[in-house]
Amino acid sequence: MLGLNRSSYYYEPARESEANLLLMRTLDEQYLKTPMYGSRKMTVVLRNLGYEVGRKRVRRLMGLMGLRAIGPRPKTSRPGKGHKIYPYLLRGVPIERNNQVWSADITYVPMPRGFMYLVAVIDWHSRYVLSWEISNTMETLFCLNALEAALTQYGPPEIFNTDQGAQFTANDFTGRLKQAKARVSMDGRGRYVDNIFIERLWRTVKHEHLYHTDAENGLELAANLAVYFDWYNHERIHQSLGYRTPAQVYGAAQSTHSIPQISTL
């Protein structure tokens, strides 16, 4: 899309000390249970578990992981300087059809010797995962790649919803949505429920897959996720979908995620 070879992607996990990786894994699991906890309460939780940590350290690690406490408080989302924030368009709107609303989000992925970030694009009506990408940085490029993959394969949605993070408020990202004639919607500050379907996806992916596998590098992680998301889309039934799979509701054919062949990591 941007004239870059896929071999330029970063598939080497980002590094931290073993002690910090253990703290980050614990923070990630706790955040899925209590997304309203900020660094102060997270510090108390870690201390109660026996970790000798200060709030400054916890705040830094949560920032590195992209974890922000939910709630109506200032600066819970961090748009880039000069980036435009769009209104939330979905309050009270019934979700009745495929491609009516898509959304995207980024989550932290723990690994044995580091960590990576995962972005996914999901269709709200069917819960179908349209595309995903991984990266060891939170730069906009891997989010753009996921967006482009979804648009190329499935065409544009009517509305595309994200949080107010810098990756999604970037002109390149919103500009691509406008080019596709999709309306841009953004969560209210700290409003976890505004993007609830993809938040539920992260909880499912982590509890059913990521916390039970140990990929050694980005390529192995990508291969594992390709298998999981294919199973999630085509075999995992959802009670909210009348015990059908996302693919049955979306009407999608079986597909696999393309894994780049990288000679060096």
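Predicted model: local features only at pLDDT ≥ 70, side-chain atom pairs only at ≥ 80, totals over all residues.
Reader: In what order do the elements run from the N terminus on?

Author: The order is α-α-α-β-β-β-α-β-α-α-β-α-α-α.

Reader: How much of the protein chain counts as buried?

Author: Of its 265 residues, 54% are buried. Buried means under 20% relative accessible area, exposed means over 50%, and partly exposed lies in between, with a 1.4 Å probe and protein chains only.

Reader: And the contacts between residues at least 6 apart in sequence, how many join residues at least 24 apart?

Author: That share is 68%. Contact means heavy atoms within 4.5 Å.

Reader: Now the sheet. In which order do the strands sit?

Author: The open sheet has five strands in the order E3-E2-E1-E4-E5, with mixed pairing. Two strands pair if DSSP finds at least two bridges between them. E3 and E5 are the edge strands, each pairing on one side only. On average, neighbouring strands are turned by 25° against each other, direction ignored.

Reader: How do E1 and E2 pair?

Author: E1 (residues 101–111) and E2 pair in the antiparallel sense over 10 bridges. Ser103 has Ile122 of E2 as its bridge partner. A hairpin joins E1 to E2 through two residues.

Reader: What joins E2 to E3?

Author: Six bridges do, and E2 and E3 (residues 129–135) run antiparallel. Ala120 has Trp132 of E3 as its bridge partner. The hairpin of E2 and E3 has five residues between the strands, and there Arg127 takes a positive phi near 65°.

Reader: Which residues of E2 are buried, on one side and on the other?

Author: Gly114, Met116, Leu118, Ala120 and Ile122 are buried on one side, and Phe115, Tyr117, Val119, Val121 and Asp123 on the other. For E2 (residues 114–123), that is 10 of 10 residues buried.

Reader: Which helix lies across E1, E2 and E3?

Author: H7 (residues 196–208) does, running at about 30° to E1. H8 (residues 218–234) also packs on the sheet and touches E1, E2 and E3, with its direction at about 165° to that of E3. Axes are lines fitted to C-alpha atoms, for helices over the stretch in contact, and angles run from 0 to 180 degrees between N-to-C directions.

Reader: Changing topic. At what angle do H1 and H2 pack?

Author: H1 (residues 18–33) and H2 (residues 39–48) pack at about 115°, and their axes are 11 Å apart. Leu23, Thr26, Leu27, Gln30 and Tyr31 of H1 meet Met42, Val45 and Leu46 of H2.

Reader: How many residues of that contact are nonpolar, polar and charged?

Author: Six are nonpolar, two are polar and none is charged. Ala, Val, Leu, Ile, Met, Phe, Trp, Tyr, Cys and Pro count as nonpolar, Asp, Glu, Lys and Arg as charged, and the others, Gly among them, as polar.

Reader: What about H6, which residues are buried?

Author: In H6 (residues 171–179), Phe173, Thr174, Arg176 and Leu177 are buried. Seen down the axis of H6, the buried residues fall within an arc of 155°, so they line one face of the helix. The arc is that of the directions from the helix axis to the C-beta atoms. On the other side of H6, Asn171, Asp172 and Gln179 are exposed.

Reader: What do the buried residues of H6 pack against?

Author: They pack against H4 (140–154), E4 (159–162), H5 (166–169) and E5 (183–186). Just after H6, Lys181 has a positive phi of about 65°.

Reader: Last one. Is Pro87 buried or exposed?

Author: Pro87 counts as exposed because its relative accessibility is 53%. Pro87 sits in the loop between H3 (55–65) and E1. Not counting residues up to four places away in sequence, Pro87 touches Val184, Ser185 and Met186. The C-alpha atoms of Pro87 and Asp187 are separated by 7.5 Å, though these residues are 100 residues apart along the chain.

Key:
Residues numbered from 1 in each chain as written. Heavy atoms only, no water. Helix = DSSP H or I, 4+ residues; strand = E, 2+ residues; numbered from the N terminus.
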